[in-house]
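Q: I would like to learn how to read a protein model step by step. Could we take it slowly?

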Amino acid sequence: MSRLLLVSNRLPVTVKADKDGVSVVRSAGGLATGLRGPHERSGGLWIGWPGDVSRLTPQQRASVEAQLAELRCVPLYLSASEVSRFYEGYSNRTLWPLCHYLIDRIPEQERDWDVYRKVNERFADLVARHYQPGDTIWVHDYQLMLVPAFLRARLPQARIGFFFHIPFPSSEIFRTLPHRADLVRGLLGADLIGFHTITYVRHFSSTLMRLLGLETVVDRVAYDGREVRLGAFPMGIDAQAFENLAKEPAVLEEVRTHREKSSELRLLLGVDRLDYTKGIPRRLLAVQRLLEREPTWRGRLRFVQVAVPSRTAVADYAAYRDKVDELVGRINGLYGSVHNVPVHYLYRSFNERQLTALYRAADVMFVTPIRDGMNLVAKEFCAARPDEDGVLVLSEFAGAADEMGDAVMVNPYDVEGMADALEAALEMPEEERRTRMRNLRARVKEYDVHWWVRSFLDELQATPTPPPRVEPAGAEEALAQLREAQCLLLLIDYDGTLVPFAPKPELASPDAELLDLLQRLASRRDTRVHIVSGRPRETLEAWFGGLPLGLHAEHGLWSRPAPGAPWTSQEGVTTDWKNLVRPVLEAFAARVPGAFVEEKSGSLAWHYRQVDPVFGARQARELRLHLGEVFAHGPLEVLPGDKVVEVRARGVNKGRVVALVTQDMSPGTRVVAIGDDRTDEDLFAALPEGSLAIHAGGKDTRARYRVKGPPEVRRLLSSLLVG
Ligand SMILES: O=P(O)(O)OC[C@H]1O[C@H](O[C@H]2O[C@H](CO)[C@@H](O)[C@H](O)[C@H]2O)[C@H](O)[C@@H](O)[C@@H]1O
Ligand SMILES: O=c1ccn([C@@H]2O[C@H](COP(=O)(O)OP(=O)(O)O)[C@@H](O)[C@H]2O)c(=O)[nH]1
């Protein structure tokens, strides 16, 4: 097993200082438990924040470090300002509410991004310092979204996984963030990105498409010359540990005490961090509503709500606490008696043993977050019920709902509906309770935290380590090569290479500066220039007819090799198929707003640059599939391009231009091709030995040289004219 470097905002430990000194105790949480085995077995490290240690003396600090080292934990200390701006700030005032669909809670003017970025970079630096070749790195959660890309820049060969523990929201929500693209690019530094549910994966994929134009094919995205995999890995719990605890005599004794204290009462339970995503107010209102409309339940219900203090320095959390306090007071005031109150509200943290006793004693577990990445409490409740009794009421907006279909599902925004569900749970016949719980337990036990860790790491290990990458060299080197050549023959694509894409093809006409550049290039000593484009010949003629250039239209179907020469077409190309294909493309254009059909003499193109990106990509896939099925053996080929599906006669491609233009080439001529998309790869492939291919953009390419896009292409060509 390769060494595992785990990276999370918090280390899985708690530092406690008291009069006897300072101690570092392992946390009991799911992540800590699940990863303990692989962490120890692999001899790896866990890198993260040990919490606030600012009040420790230097000796205490030294003792903490020694204890952390023993646990193979590497601390990353956050300054007070970093805690406030990185952790409480950007992570918990912006990303947390955003991912839980609560954009109204985000500061109106974005704050703390710079510190978020800086701390992420510090994490990456620390990881890189400890990295040894062969290590596997696993980064966790929204606080560290930029770490994978920072790591990729430092360790191009490393195997990096990332797991996102909270919901990944709809792209409509995510794209409201000013730094949306930076965050997504940050994640794409990983080889594998995991989420709890398929829905989050889907949201992430459409975000990639909308923000970066990247298409996910099944579970893979090509990015920056690598392949990034996406997957759903629903996190589980240490089910066996909860089951064992639930059978311990001391715990059973505690269960009896809870039950005796409420022998006449039915026990409802809620266990959450006091977080505004957990839906506690409406849950309380549902209890109130039940008591209000069904007087027979008054005095017969005891609702224990555990609320663990969390992120107390964030104002929204303090306000939420006030709201919950007030509601509890109101309900108890209304429905309490001298002997009893309906709501027992406990603002503190419990250990696993105490929680298990509560889980096992409860009649109904009430889990109603308005959004939750997973919600492990729901799973712990089931694991703690070897008696196969108890009813789980679960929000359909918790990630756990995807797997726990035997729970009583509720919409946490619907108070009346939750009151109904609560009543149904309280009155559920024993047989139904047992059947549901048996099914829930089977799932929770099989897909536990060990399964989660295994399945994520297996998938991560299966990702091929990128072969040492021969990154195409940049503009400087390409220019040196060009300058060395005696004679130059330049074959240059137009759209995406000399000019950026425009919403409509006719809008991307050449500007005066470009025309001047081409004119001067073509007049350069021993230099010939050809434009090799997918555009119709009429357009090229109209734009460049007056310049001393060779022109090649429709991917080489038509050529005018020298100024003044007639246009000739490739022989033996049929176009009868166009009459059959045209209606299909038109039908797709009619049902996809923004799409349109372009007709050229030897091809038809279905453009979708102005279509909603996700819908457009889906329709383009469907169109290609349809054309493939219907015209599989026809004399045509279907070519996916940049926001275009092009159908052209088989055998026509830019590669054929090479033979045509090199036949009368003087000896010592260097052929140079520059292009940005799939069709230019045909050109590159056909170049004679010793030629130079330059890719303009970030796509995968066979070219040896890479420049960023049209501005850099122009700069490169202009540089040829000086000196
Ligand atoms: O570190 P804190 O700010 O104190 O917050 C505690 C953790 O809360 C979040 O938990 C999430 O992860 C759970 C496990 O995957 C999931 O069940 C739950 O739905 C999530 O909300 C947070 O993601 C962690 O980073 C925090 O440490
Ligand atoms: O008093 C408490 C209440 C909760 N928990 C633990 O906190 C975790 C909460 O995880 P969950 O996924 O439900 O929500 P999160 O707090 O991560 O958003 C669970 O493992 C609980 O056992 C705890 O240790 N003590």
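Q: How far does a polar side-chain atom of His196 lie from an oxygen atom of ligand 1?

A: This is a predicted model, in which local features need pLDDT of at least 70 and side-chain atom pairs count only at pLDDT 80 or more, while totals for chains, interfaces and linings use all residues. Side-chain values use heavy atoms, without hydrogens and water, residues are numbered from 1 along each chain as its sequence is written, and chains are lettered from A and ligands numbered from 1 in the order in which they are written. A polar contact here is a pair of N or O atoms within 3.5 Å. For His196 the distance from its polar side-chain atom to the ligand 1 oxygen is 3.1 Å. The backbone takes part as well, with a polar atom of Gly373 at 3.2 Å from an oxygen atom of ligand 1 and an N or O atom of Met374 at 2.9 Å.

Q: How much of the accessible area of ligand 1 does the protein cover?

A: Accessible areas come from the Shrake-Rupley method with a 1.4 Å probe. On its own ligand 1 has 560 Å² of such area, and the protein covers 81% of it.

Q: Which residues come nearest to ligand 1?

A: A residue counts as near when one of its heavy atoms lies within 4 Å. Of the 17 residues around ligand 1, those that come nearest are Arg10, Tyr87, Asp141, His165 and Asp372. The shell is made up of seven nonpolar, five polar and five charged residues, with at least three residues drawn from each of domain 1 (4–232) and domain 2 (239–446).

Q: Which polar contacts does ligand 2 make?

A: An oxygen atom of ligand 2 lies 2.9 Å from a polar side-chain atom of Lys278, and one is 2.5 Å from a side-chain N or O atom of Glu380. Phe350 contributes a backbone N or O atom, 2.7 Å from an oxygen atom of the ligand. Taken alone, ligand 2 exposes 540 Å², of which the protein buries 76%.

Q: What should I look for in a nonpolar core, and which residues touch the most other members?

A: In soluble globular proteins, nonpolar side chains tend to be buried together. A nonpolar core is a set of buried (under 20% relative accessible area) Ala, Val, Leu, Ile, Met, Phe, Trp, Tyr and Cys residues joined through side-chain atoms within 4.5 Å. The largest one has 100 residues, and Ile137, Leu183 and Ile193 touch the most other members. This core takes at least three residues from each of domain 1 (4–232) and domain 2 (239–446). Apart from it lies another core of 62 residues, including Leu549 and Trp577.

How values were computed:
Polar contact = N/O pair within 3.5 Å; in protein donor to acceptor, adjacent residues only side chain to side chain. Nonpolar A, V, L, I, M, F, W, Y, C, P; charged D, E, K, R; others polar. Domains from an automatic or database assignment. Buried < 20%, exposed > 50% of the residue type's maximum accessible area, 1.4 Å probe, protein only.
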